[in-house]
Amino acid sequence: MRPLRLYTWALAAALYVPIGVMVALSFNNSKLPYVWGGFTLRWYQELLRWDQAWQAVFNSVVVALAVSFTATLLGMFMAYVLRQDKYLTISQVAVVMPEVSEALSFAAALWLVKTYVGVDLFGPVGVFLAHLAYTLPMAHVLLAPYMAYVSRSAVEAARIFGASELKTMTAVVMPILMPAFVATFLIVFANSFDTYVKTAFTTSPEFVTAPVLLWSYAARGRGDPTIYALASLMLLPSLVAAVIYFRAVKRYG
Amino acid sequence: MIRRVALAAFASVVLLFYVPFLALGYYISGGGDLKLPSLSMVVTTFLLAAATAVVAIAVAYPAAYYLAKYGSEFEFALLTAPLWVGTLLKAYSLLALFAIVEKFTGIALWGTAAGVLVGMVYEYLPYALLTLYAAVEKLSETPVNAARVLGASRLQAFFRVELPLTMPGVAAAFILVFLFAMGEVVMPAVLGAWKVYTFGSYVWDLYFKARDFFSGSVLSLVLAALSLLATYVVVRTIRSISI
């Protein structure tokens with residue numbers, strides 16, 4: 001058991017090395033990744049002055065907020081009402097679908113809309129819809145296990161005392177599910193904020209999100225301290241999501 | 001009313017996720033010149049995906065075993081939290097790490113299949129870990145105790161009893177990781193520097209460079225169909241574990 005514990009801890013450490021190195025490099029007072037030139041906030045200051053980066057982060061935040069709010073809320077309704085296996089299976093299949101296939105099909109659909117309806121949805125609307133397309137089933141799948149905590153008797157009691165369906169949902173079901181709701185909201189937010197492939201297929205050249213900007217450097221293999229700073233900032237939603245997620249889930253013990 | 005909202009939400013899943021696949025059918029019915037990927041590319045993708053799955057499972061298994069048997073909640077959180085970090089961020093952080101490794105050891109990983117393999121294992125390890133964790137957690141102590149009472153050493157008991165019992169979980173993890181890796185775009189592009197050319201990169205280029213909707217649609221559908229088949233197999237094996 002002792003060697004196993006050591007192994008597990010070594011693996012955990014290894015998982016954090018690349019991310020840790022990148023965050024360290026964003027504070028490195030040198031343009032070369034393998035030279036430590038001392039601690040600096042220079043790259044963050046440069047990032048502050050870089051309007052395109054702020055616009056990109058802002059775009060990502062707006063899309064991720066809209067997506068996570070819509071997906072989590074609707075996902076909760078789905079998980080609460082549609083409890084049969086067939087509904088869940090349809091959502092599960094969507095979750096494991098290969099990204100390229102899904103993104104290409106969405107782009108193809110947007111092209112058809114553009115050609116035959118004459119509405120060009122590529123850009124913010126396309127990105128929002130493409131993200132919603134995969135986060136809705138994701139929220140459904142993530143929330144479904146927590147429905148076991150909503151007891152039938154609590155719901156029936158509320159209904160017998162005269163609460164409407166909507167009132168029961170907001171006053172009984174939602175409070176019980178709040179930690180799960182927050183956890184799912186955060187996972188969806190971090191996912192939508194970080195995702196690149198689906199965005200690439202559905203955005204327009206004018207609508208740049210943070211991953212799109214990061215890609216323009218990453219796909220050419222260009223290391224740049226200002227981009228390390230941007231990438232380090234982009235880690236924040238994921239980290240906050242992970243921490244709050246495990247706390248929220250703990251409540252159901 | 002609540003039922004109606006839920007059904008509308010469900011309808012939008014179908015409309016947004018499944019109906020676009022019909023658009024692929026539209027482009028396929030339009031016909032065209034099918035540009036198949038070269039055999040060597042398919043082989044590369046296949047081998048890379050299989051290697052990713054094998055390495056990810058081999059690395060994750062001992063940790064999954066430990067977590068399921070003795071692990072604390074904190075250790076579980078620590079190992080699964082990387083799931084929430086996006087693929088592109090992981091790829092970019094490895095890019096920086098590769099530059100440092102190359103400088104100090106002389107081992108060039110950027111632009112090689114080995115580099116892409118490292119990236120994909122890094123990305124899919126948590127998935128393998130979670131699947132294996134589920135399989136080990138369901139193991140009952142009885143068969144192991146029986147083997148121990150009958151004189152098997154701890155290692156013998158593991159290799160002859162526990163490992164065979166978790167094989168369905170190993171198979172499920174393999175299929176899951178293999179499948180994700182087959183369609184992977186980001187890691188080969190960023191860490192393979194477009195020199196390690198995979199199926200995913202090919203579909204990507206068909207859309208972004210060649211604008212060849214016909215071939216892209218056909219290949220996407222093939223990938224999607226394979227994934228459906230694999231998911232079906234995974235779901236069946238996972239069910240058989242619980243019995």
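Reader: Hi! Which residues does B:V177 touch, leaving out those up to four places away in sequence?
Author: B:V177 touches B:T52, B:A53, B:A56, B:Y124, B:Y127 and B:A128 (contact: C-beta atoms, placed from the backbone, within 7 Å). This is a predicted model, where local features need pLDDT of at least 70, side-chain atom pairs need 80 or more, and totals for chains, interfaces and linings use all residues. Residues are numbered from 1 along each chain as its sequence is written, with chains lettered from A and ligands numbered from 1 in the order written.

Reader: And in the largest nonpolar core, which residues touch the most other members?
Author: B:L132 and B:V177, out of 157 residues. Such a core joins buried Ala, Val, Leu, Ile, Met, Phe, Trp, Tyr and Cys through C-beta atoms within 7 Å (buried: 20 or more other C-beta atoms within 10 Å; exposed: 12 or fewer; partly exposed: in between).

Reader: New topic: how many residues does each chain bring to the contact?
Author: Chain A brings 68 residues and chain B brings 70.

Reader: Which elements of chain A give two or more of those?
Author: They are α1 (2–26), α3 (51–81), α4 (85–96), α5 (99–116), α6 (124–143), α8 (165–194), α10 (210–218) and α11 (225–250) of chain A (helices: DSSP runs of H or I, at least four residues; strands: E, at least two; numbered from the N terminus).

Reader: Which one gives the most?
Author: α1(A), with twelve residues.

Definitions and conventions
Two residues are in contact if their C-beta atoms, placed from the backbone, lie within 7 Å.
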